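Here are a few notes to read alongside the picture. Keep the structure open and find each residue as you go.

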Amino acid sequence: MFTTRRTTSSNPHFVQLVDALNAWLRVKDGDKHSYYNQFNHIEGIPHVVVVYKDDTPVACGAMKQYDDNTVEIKRMFTDPEQRGNGLGNKVLVELEQWAHELGYQFLILETGKSFEAAVHLYQKYGFQKIPNYDQYEHIEDSVCFRKSITP
């Protein structure tokens, strides 16, 4: 059975999952990892979702304020052994609901073009491709998305 919990970036299970994400990305991103990693610090993120299978943390995601109306989705990850169980969906739905409760109007995020499953997930949940923003503006391997969450 899977359960979803809201927490913060100080949650040790979130930290554990982010460590696994970083190890996976070091391999996947290769030489580009250090560039991307500089934008992925987790200290002080107040809005984190962790999914558990029984008592084991298996997926996570976070959001942080981008501007007065927008939060940026960060650190989405599902344990490779649990992929295919809809856990990314669970994390996204919970983050979107939380952002809506907090009064935000938009979600934005960045992912790598080569992460086809992630790109598919975001498009499936109504994210629209936008021009790359901020530090991703001139990065060919990045793709950025935005979703309106106002009714």
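1. Let's start with the rings. A search of the whole structure, which is a predicted model, turns up five aromatic pairs. Take Y122 and F127: their ring centres are 5.7 Å apart and their planes meet at 65°, so this pair is edge-to-face. The cut-off to remember here is that planes over 60 degrees apart count as edge-to-face.

2. Are those two residues buried or exposed? Y122 has 6% relative accessibility, so Y122 counts as buried. F127, at 3%, counts as buried too. The cut-off for buried is under 20%.

3. Y122 also pairs with F145. Here the centres are 6.2 Å apart and the planes are at 50°, so the pair is called tilted. Y122 belongs to helix 4 (residues 116–124) and F145 to strand 7 (residues 142–148), so the pair ties together parts that are 23 residues apart in sequence. F145 comes out at 0% relative accessibility, so F145 is buried.

4. Now look for a cluster: Y66, Y133 and Y136 are linked by ring pairs.

5. Where does K74 sit? You'll find K74 in strand 4 (residues 70–78). Its relative accessibility is 8%, so K74 counts as buried.

6. Last, check two arginines against rings. The charged end of R83 sits over the ring of W24, 5.0 Å from the ring's centre. R146 lies over the face of F106, with 3.6 Å to the ring centre.

Conventions. Residues are numbered from 1 along each chain as its sequence is written. This is a predicted model: local features need pLDDT of at least 70, side-chain atom pairs count only at pLDDT 80 or more; totals for chains, interfaces and linings use all residues. Side-chain values use heavy atoms; hydrogens and water are left out. Helices (H or I, at least four residues) and strands (E, at least two) are DSSP runs, numbered from the N terminus. Buried means under 20% relative accessible area, exposed over 50%, partly exposed in between (1.4 Å probe, protein chains only). Rings of Phe, Tyr and Trp (its six-membered ring) pair if their centres lie within 6.5 Å; planes under 30 degrees apart count as stacked, over 60 as edge-to-face and the rest as tilted. A charge sits over a ring if NZ of Lys or CZ of Arg is within 6 Å of the ring centre and within 35 degrees of the ring normal.
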